[in-house]
Amino acid sequence: MRQNSTMRLDHISYVTTHAQLADTVQRLGSRLGSTFVDGGIHPRFGTRNFTCALKNGQYIEVVCPLDHPATEQTPWGLAVSKKANEGGGWFTWVLSTSDIEPVANKFGRQAIEGHRTRPNGSELKWKQIGVREISESREFPFFIQWLTQDHPSEDGNPVAEIEKIVISDGSELERSWFKAEILDALGKTRIEWAKPSEYDFMKGIVEVHLSTPSGKIILN
């Protein structure tokens, strides 16, 4: 498992509708010069995803809500469904840690378990916490601990690398309980805060800058 005792940037999530899933995956994959793979269904949350492996043990996830009871009954399903209904786009960034308990203690509640089964039958399991908070404020990441050895960054041949994430808002990181951990987790990746007025007053992730074999690209 590509983890150590500290947090690290694990993946970034992009939301689309189920009807637009194939087109979105094709469009982003073409820009990245990579192929997305079917990640399977999250039965507990009522969503499904496709993933694209990136360098540094990271990946991009394209996720959509399903017509499933769990979609409207869990914080993740509700948040994804709401974003899809708003038109989709970049949704959140996710940090992984080898021990989520100290993170959960700061939140004052337990992390919940999630799982999904890939089309080949293999299963991924993890714990997560912080999704309730990103439902209201999409500037912050949420946190996971992988419980299985496989990691989505190993599904495919990574050719692109995240250089910068642009977030529309004031420097809200100053208010985070996890400011120091987040800054340490970013490594070489930069976070740039932009004025919401420059992005039609949209808040949250608005751009992801990556380096690829064909040059630098901006996904928005």
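Student: How many bridges join strand β11 (residues 204-212) to β12, and in which direction do the two run?

Tutor: This is a predicted model, in which local features need pLDDT of at least 70 and side-chain atom pairs count only at pLDDT 80 or more, while totals for chains, interfaces and linings use all residues. Residues are numbered from 1 along each chain as its sequence is written, and side-chain values use heavy atoms, with hydrogens and water left out.

Strand β11 is joined to β12 by five bridges, and the two run antiparallel; strands here are DSSP runs of E with at least two residues, helices are runs of H or I with at least four, and both are numbered from the N terminus. Within this pairing, Val208 stands opposite Leu219 in β12. Both strands belong to an open sheet of four, ordered β10-β9-β11-β12 with mixed pairing, where two strands pair if DSSP finds at least two bridges between them. Because β10 (190-194) and β12 (215-219) stand at the edges with a single partner strand each, one side of each is left without a neighbour in the sheet. From one strand to the next, the twist averages 20°, with axes taken as lines fitted to C-alpha atoms, for helices over the stretch in contact, and angles running from 0 to 180 degrees between N-to-C directions.

Helix α1 (residues 21-32) lies across β11 and β12 and runs at about 155° to β12, contact being defined as heavy atoms within 4.5 Å.
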